[in-house]
Each structure stands twice: as C-alpha cells, then as structure tokens.
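Trainee: I'd like to learn how to read a model like this one. Can we put it up and go through it feature by feature?

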Amino acid sequence: MSEKKKIGFYWTGSCGGCQVSILDIDEMLLDVAEQAEIVFWPCAMDPKYEDVKAMDENEIDIMFINGAIRLDENKEMVELLREKTKEVVSYGSCACNGGVFGLGNLSSKDELLEKGYTNKTTDQGPFPQKITEVEEGELELAEMLDHIKPLDEHIDVEYYLPGCPPLPTQLEDALPALLDDEIEVEERDLITDKSVCDPCPMEREEKEIERLIPIQEATDIDPDECLLDQGILCMGPATAGMCEAPCTEVGHPCVGCNGPVKGVEDQGSRMASALASVMGIEGEENKTEEEVMETMNSVRDPTGSFYMFSLPSSIMQFRRDDIDE
Amino acid sequence: MSGIGVFICHCGSNIAGTVDVDELTEYASDLNGVTFATNYKYMCSDPGQELIKDSVEEQDLDSVVVAACSPRMHEETFQAVVEDAGLNPYRFQMANIREQCSWVHSDDMEKATEKAKHLVEMSVEKSRLSEDLEKTEVDVNSDALVIGGGIAGIQSALDLADQGKKVYLVEREPSIGGKMAQLDKTFPTLDCSSCILTPKMTDVARNPNIELLTYSEVEEVDGSVGDFEVKVKKKATYVDWDKCTACGDCAEACRRSGNVEDEFNEGLDNRGAIYTPFPQAVPAAYTIDSEVCISLEYDGTCTSCREVCELDAIDLDDEDEIVELNVGSIIVATGYDLMDPEKIYEYGYGKSKDIITNLELERIIDASGPTDGEIHRLSDGEDVESVTFILCVGSRDEELQSYCCRIGCMGALKHVHLLRDHLDEDVDINICYTDIRSFGKGYEEFYRRTRDLDVNFVRGRPSEVNVQEEKVELNVFDTTMDKLLQVESDLVVLVPALLPSEGTEELSRQLRITRSSDGFLQEAHPKLRPMDTFTNGIFIAGCCQGPKDIPDSVSQASGAAAKASTILSKDKLQSEATIASIDDDICSGCKMCISVCPYDAIEYNEEDEVAEITDVLCMGCGSCASLCPTGAIEHKGFKDEMLEAMIDAGLTEEEG
C-alpha cells in the first residue's frame, strides 16, 4: 500500500455544522485515520498561517473546504490552501452554492453592516474597519467582501459535496472513494442526478396546486401525501436527493439545502419555473387578474424560499443595483 | 474539413436594403465552426436552393444556417433542401433577419447590421450543438369512431364510409337523427327537415361500412392517434333488435302507455315504457325504458308486451354490454342542449303551458307531432290570436351565456312563415329581438320576405312575462320607438341559449380534449384549425364546438371527416422529431410535467416511478422541458445547452 494520504479540513464563514458533520461519521474516523493523515484541521488543532505558508506546493492530497467566502481573509486563505493542495473538495452548501449566508447578496455590504451595527436591537458601535488606529498602533481586521461567491469562483475545485451539512452517509460514501486512487470520481459525482422526490416516500399525484400555504398555518396535513400536493412549498423536486429525503420523511418540507441536481445550474429558477407552470392551472383561462395575483402572492418570500442555499451560484448571484456600468 | 455553411438572403431589398449583407457575410465566415459563408438575392428561389445544395457538397458542409425570413415562412423549404443535399433536416437552422431585424430597424442600417450579426451568430452557436434527429413511426388503424348521431355525426360517418373507411357511429339515444329530427322545417328554404334527414339516416343504416351503436355511450378512451382503444357501453334495450320489426304492437299493449313524458316531443305528450323515439327512427326498433317498465321493476310481473310480440323479440334478461373498439381517429359531434328557460324567472317558463320553447313549437307545428300540426293554446285548447317570440333568452347575456346562439333569429323567422301558413291571417305575431342576425347565404333575403308577412318587430328585451287569467302579458321597452309596450299573447315562444350537450364535460375528460370558457369543445385554432383539437387524431364537428346552423354543422362535419381521413389513409404516422424526451436516470417522478402537458402525452410509469412520453402525442411545445426541475426532460432540437449558447452569443458585445 502506498503512503498515507494527507488530508485537511478547513472552514471559512460558517456555522460549524459542516465540521460537526465530519465528526458525525463516528468510528469511521478511525478508518480514515488509518488511510490518511489529517495534516490540517483548525477546528481540532491550532495551526498558524505561517505553518500553511511553509508547506510545499501540493503537499496536501485532499482538502475539504466548507463555509462561505465572506471575508478577504477567507479568500486569501483558500487561495493559499489551493496552492498547497492537489484536490479540493467544496464541502457543504455554503462552499458549493453560497448557502444561507448567500442570501446576504440581496443587500449591499453597507446595508449589511448598517443592519448589524446600528440596529436598534444591538449596541451602537463603530463599523468594523480594515485598519483601526489605537494608541498602541494600528490594528488590522479582516474586511467583508462585497458579495458571497461560491468557492469555485475563487479557486478551482475538484469535487462538490453539498448539504447543510452533508449527512454522515454522504461522507461515508465519499471518503473511501476519494481516498482510493483506483476509484475514479468525476467532479460532480457526489451529487445525484435524481431529486429528493426520488427517495421521498410520500404519495404523489399530478400537481394541481391552487395556492401555497405556509406550513405553520397548514392544518390537517396528510402525513402520507406529497407536501407540495397539499400546497406546502417543498423544494424537493428541484433539489439533489443524495440525502435520501430525511426531512420530508418526517413531514418537513425540503428546504433545498443540497442545491440543484447534477447538471442543473440554477435551482431556484428551476423550482420557480416548475411551480409557476402548475400553480392555479385549473380553470386558468377564466381567472381574473386579481385571482392570478392572489395565487402568485401565496408564494411568500420567493427568493428566500427558492434560493435559500443557492443564490450566489444562481444566474442572479447578487443584487445588481450597486454595480456600475 | 466539414463545417457550418451560412447562407444570407437579401430578400430583394427587404433585408439587403437595411442590413449590409456583405459585411454580415464576412462576419459570418469568421465565426466559430463556420467554413463557408455567402449571400444571394433570394435564397428561397430555385437558384438559391441549388446554391445551398451545391455548396453542401462542394464545401463539405455538415450543417446549414440560412439567415433570411421567419422559420414560419421557409423552415420547411430549407429543411427539404438540406435533406435533398444528403444532410439530416435538423442540421438546418434559420436566423430570422427579416421580421426580427431589417423590417423593424429600417431606419438604422448600422445597428440593424450589428443585430443581424448577433442573430446569425446565435444560429451558428445552436448549429454547432445540433445533431441528427429522426422521426418515429407508428402504425395506423384505419377505422374511425364518430361520437354523436345528429346531422353532423351522420355526415361525418357517411363521408368516411364513402371513402371506404370502417366507421363506428355511437349515439346515446335509441335512434340517430339528433335535434334535426325534431325540426319541422329548416330555414331559409323551408325544406321539410325529416324529408332531407331521413334519407341520410337510412343511408347510415344501409351502409356496410358503418356499424351503428345506438343507445350507447363512450365509457373509456385510451391510446393515441392511429391507435385509440375505446370502450363503449351498449345499454340494454331489452328488445332483440335483430328480431324487432318496429310493428308497434308492444307499445300499444304496454301498461305504462301514455304515462311517460315523450322526450322527442319535448314532453308535450306521452309514451309508454317500450317505445321508439319517432316513426322514422334508425335503427327501426323498440327499446324498453328500464326506469319505468313495471316488469323490470317488479321482476317480470307484467307480461303485456311479451304476450303481443309475435317475433318473441323481448328479452328482459338483456344486459349492458361493453364493446371494445380500436380506431385510428375520433370525431366528436355531440351537439347541443337548449338552456332551461326557467333560469330566467321573469319569463315565467313553467308557470303557464302557453309559455313554450322554440323546440316545443317545432313539435307542435310538425304534422306528425303531438297535436298533429294543429296550433291551439296549450292551456285550454282555445284558438290562438296572438303569438310573441322572445329572442336571446339567456343568449348575449352577461349573466348567463354571453355568446349568440346563431340560430334563434332565423329559427323565429322560419316560425313566422309556418305560423302564417297554419293560422288565420289576422293573428298577431310579435318578435322581441335584440338584433336580427341573418348572416348566412340567403338569410337576409329570407328576413326581408318575413318582414312582408305582417309581423311586429319589437327591438327590446321584455322585462317580465305575466300569466293572466286567459292571456300571457308581457312588458317590453321598444328601443326603436322609445316606448314601453304591453303585449298580450296566447302563446309566448322563448328562444333559449344553446349549451354544450349534457355530458360534454365528462366526454372532454375521457378524450383528453379541452373546452373553451363557454364550455364548448375547443378547436386547435379558431380560424385555421377549426375542426382539430389539441389532441392529435381527435376532431370536432357541429354544435359541440359552438352554436351553429345546419349548413355550418354539415360543412364542419365533412371537414372533420376529411381531416380524419388524412390520418386514416396512412399506413404509418410520423411523430415530430423535435419532441420532448425524458431521461429515466434523472426523472425523479415529481409528476409536475403531467399536469402541464396540453396534449396529455405524458403518463406516469408506476413500476419504474418515472414519467413517460408517448412520442406520437407530443407536439413539441416545450412546456414540460422548461418546467422539469431536474432537467430530466430534453426538448430535442432545443436543448438547454443550445439555448444557453444562443443567449451567450446574443448578449456578447462585439469587440471594437
């Protein structure tokens, strides 16, 4: 057997869930440790920038990077890691598609800072500055980037493993394949062709959705019937299904964390287009303008619903009004 | 080296007058994948077509882009040229630089030329991704089904049978004939209705190519164009029609004789439990109405009819039977029903026997009708001194039926002629009308002749009809005289709106064809495809598509037969090549596409848990492909990659 693979896990702007998901493979970590040497894991160890900089080019075999690229420090760090790594895995929804943080792209950087630092619910304070002069000298802070972009727009990525966070089962399937040179894994092979509907156990009918109902307002939900058929927005049809539909199985609509199925670029527009095609289709030709608006207005927070995890990787990417010609 | 050839058409000065075709040609020749580009005065002309053909060979082209007019105009022309040149016709793309460029930007040659470059580049990009596409073939069953045995259905069936096609004619009632059989005379020629209809009915009965299934209803329709599988329920008649000679002895003997409302006579007289709808019925045979027969209700207790039937034709053990048919095409001719005038309470229908519908009047005037053609007050048999027609009862009415019934005006004018023949000349005849619509051939002349018959034309809709002790009184504001009139009548004839016949909605569901907002069956195009439905192989004729008079119904019926024949005459049908296809490996079975397909071409395969497309039904509209949330559906010839490449090419700014 060849030498042990050198692997690492890195997090940028994230909630930490992806790191927990790595621990979630339980005893399998021991198998991994047998096959690979974990050389870099800030969550568990305490490496310094200098340590990374001191590494050779391509010293690390596989680097799992999760989180959103929110700060210039994130960007610098992933660029540095790219130099030191043979294969990068874009791990989790934030790295793959921008994730929940990506919804920040609906606001400008200034609006976000203003909301965060001058909001009535928080203490009024100065905005974070890149350089702050204090008596003792200059302090430097990481600076927020204008927009969140998926990891692959900053650096080249070899593999994608989305999910918020990816489930242990996904990692259990992925790790052995990635660690074994004999097994060929294509760029997006860890994403399924099929959507969440495929593993979803709910009974489905032809879609005739009159209007959407927020799940918290829905009464009499049939636990065996497709939630979308019951008028509850479920992102299942447009979401990659490698999770095996754990949410819908317990009656919670899919929120779309895996992003689009393999080969689809824009999850949200796919879902919006599909939903727009089937909603209120019954007696469509006789509907008044008001009735059509009522149907449309029943889709609450369309961007937040359709793009909860994938706005930065969508065709829209971010709000455009602050771009100069 | 093989590549794409770009052919730019001047269209005389239509394009060349606005777009710099030489500059465009030079630009096109530099595009990615293009190995040859040229321009010509009229690309659609014979020399233009030859130019394309020769170039394909000489320049070794594998795809062709023609930049000319709209694909609606010449796509098929150039596809045929490309096919002649030995390429797959789907290796041809068309850039519309006339309607979408030169015609709309004739004021700015520079910008028009820039736009033409983009349009050509888009087509070239699409062409680079194009592939050979093949049409699929299905076998065609040459038999036809006609649903509805009124004049339209009869005409369609006869036309198809005359072309040697086997036709199944399904009619819900015991006899064919439909509404026309109930009419006394027809406008504007005043032909006797049954005199012109009954020969056609007997033609149907005699025609060896027609299998008549009366007292039958369509239960289930499956399959698709070329091969429909239809289940028809033949209701039990309790009479062996092979034996019955329609002698009528049974009807006389029937103990319920005279106790059941006679539908054919609009309830103006009564029949028995065993009956034939009218003397000229086809097939000429009796039927037992199972809902009123004493024997069927009380298990054979009454034997009256069986005792008198010398042919032993009565069979109380008769049962409904399901007949399975395989046909290549279906014509729907299910006709109309009159709106129930009781819906307009003010007009008092049902409150007096002297307030009747035009169809009731038709039966009264008919010499073989319930009154033997004698016209008296229905309430007390007294002489009629005044008759008033109310037109547009429920028609052209925003609250009820907004459309015109198209036969009400002319029908009333016809009745005036008939009443003048039957009644004393001093009888008052009033017509309350909204507009007299006499639009058909010879109709306006007929209207003028009617005006000479001493008729009071009152332009206005009566506000109320009141039943008085003897007479019926109505108030109407005459808008031409600006006066409120009070009219007393012995007979008030209501001319109600036309509705799609009962069961049209269910039938449309079974056949998977659409209805328009008025409830009538919807044609595929109001002008250019008036007999087609959106479901390939199913055609419509007569009043099921919308109110019509007899000539229009017959024309449409012949048209529908001709259309059906275009399918039935073929051994095989070719499906479109640019249709949708589903990738089983991607389809996750969300079933969303099934709801949007206007042609019902998609079905769910329960076993594999994926959606499936029936190729011949798919018309390539693209609804499902644009909807599919997993991208499992590909619209051949319009793949996502193609569209994306086109968008990129269209939006790229030219350098410099």
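Mentor: Glu140(A), for instance, lies in strand β6 (residues 137–140) of chain A. Two ground rules as well. Residues are numbered from 1 along each chain as its sequence is written, and chains are lettered from A and ligands numbered from 1 in the order in which they are written. This is a predicted model, where local features need pLDDT of at least 70 and side-chain atom pairs count only at pLDDT 80 or more, while totals for chains, interfaces and linings use all residues.

Trainee: Is Glu140(A) buried or exposed?

Mentor: The test counts other C-beta atoms, placed from the backbone, within 10 Å of the residue's own: 20 or more is buried, 12 or fewer is exposed, and in between is partly exposed. Glu140(A) has 10 C-beta neighbours inside 10 Å, so this residue counts as exposed.

Trainee: And which residues is Glu140(A) in contact with, leaving aside its neighbours within four places in sequence?

Mentor: Contact here means that the C-beta atoms of two residues, placed from the backbone, lie within 7 Å. On that basis Glu140(A) touches Lys130(A) and Ile131(A). For a sense of distance, Val250(A) sits 110 residues from Glu140(A) along the chain, and their C-alpha atoms are 47 Å apart.

Trainee: How is chain A divided into domains?

Mentor: Domain bounds come from an automatic or database domain assignment. For chain A that gives domain 1 (5–101 + 148–179), domain 2 (109–140) and domain 3 (192–325). The centres of domains 1 and 3 of chain A, taken over C-alpha atoms, are separated by 30 Å. In their contact, 14 residues of domain 1 of chain A meet 12 residues of domain 3 of chain A. On the domain 1 side, the largest share, 3 residues, comes from helix α5 (residues 92–97) of chain A.

Trainee: What is the make-up of that domain 1 side by class?

Mentor: For classes, Ala, Val, Leu, Ile, Met, Phe, Trp, Tyr, Cys and Pro count as nonpolar, Asp, Glu, Lys and Arg as charged, and the others, Gly among them, as polar. The side of domain 1 of chain A that touches domain 3 of chain A has 7 nonpolar, 6 polar and 1 charged residues.

Trainee: Over to chain B. How many helices and strands does it have?

Mentor: Chain B has 19 helices and 34 strands. Its C-alpha trace spans about 95 × 65 × 45 Å along the principal axes, and 47% of its 656 residues count as buried. Of the contacts in chain B with a separation of 6 or more, 70% are between residues 24 or more positions apart.

Trainee: How do I read the packing of two helices?

Mentor: Axes are lines fitted to C-alpha atoms, for helices over the stretch in contact, and angles run from 0 to 180 degrees between N-to-C directions. Under 35 degrees is roughly parallel, over 145 roughly antiparallel, 65 to 115 roughly perpendicular, and the rest oblique. Take helix α7 (residues 151–162) of chain B and helix α8 (residues 193–206) of chain B: they pack at about 50 degrees, with axes 10 Å apart. That angle makes α7(B) oblique to α8(B).

Trainee: Which hand does the crossing of α7(B) and α8(B) have?

Mentor: A crossing is left-handed if the near helix is turned anticlockwise from the far one by less than a right angle, and right-handed if clockwise. The α7(B)–α8(B) crossing is left-handed. Among the residues making this contact are Ile151(B) and Leu158(B) of α7(B), along with Leu197(B) and Val204(B) of α8(B). By class, the contact has 7 nonpolar, no polar and 2 charged residues.

Trainee: Can you show me another pair?

Mentor: Helix α12 (residues 358–365) of chain B and helix α13 (residues 408–422) of chain B cross at roughly 30 degrees, and their axes come within 11 Å. So α12(B) is roughly parallel to α13(B). This crossing is left-handed, and its contact residues divide into 4 nonpolar, 4 polar and no charged.

Trainee: Last one: how many residues does each chain give to the contact between chains A and B?

Mentor: Chain B gives 17 residues and chain A gives 25. On the chain B side, the largest share, 4 residues, comes from α17(B). That side has 7 nonpolar, 8 polar and 2 charged residues.

Note on methods:
Helices (H or I, at least four residues) and strands (E, at least two) are DSSP runs, numbered from the N terminus.
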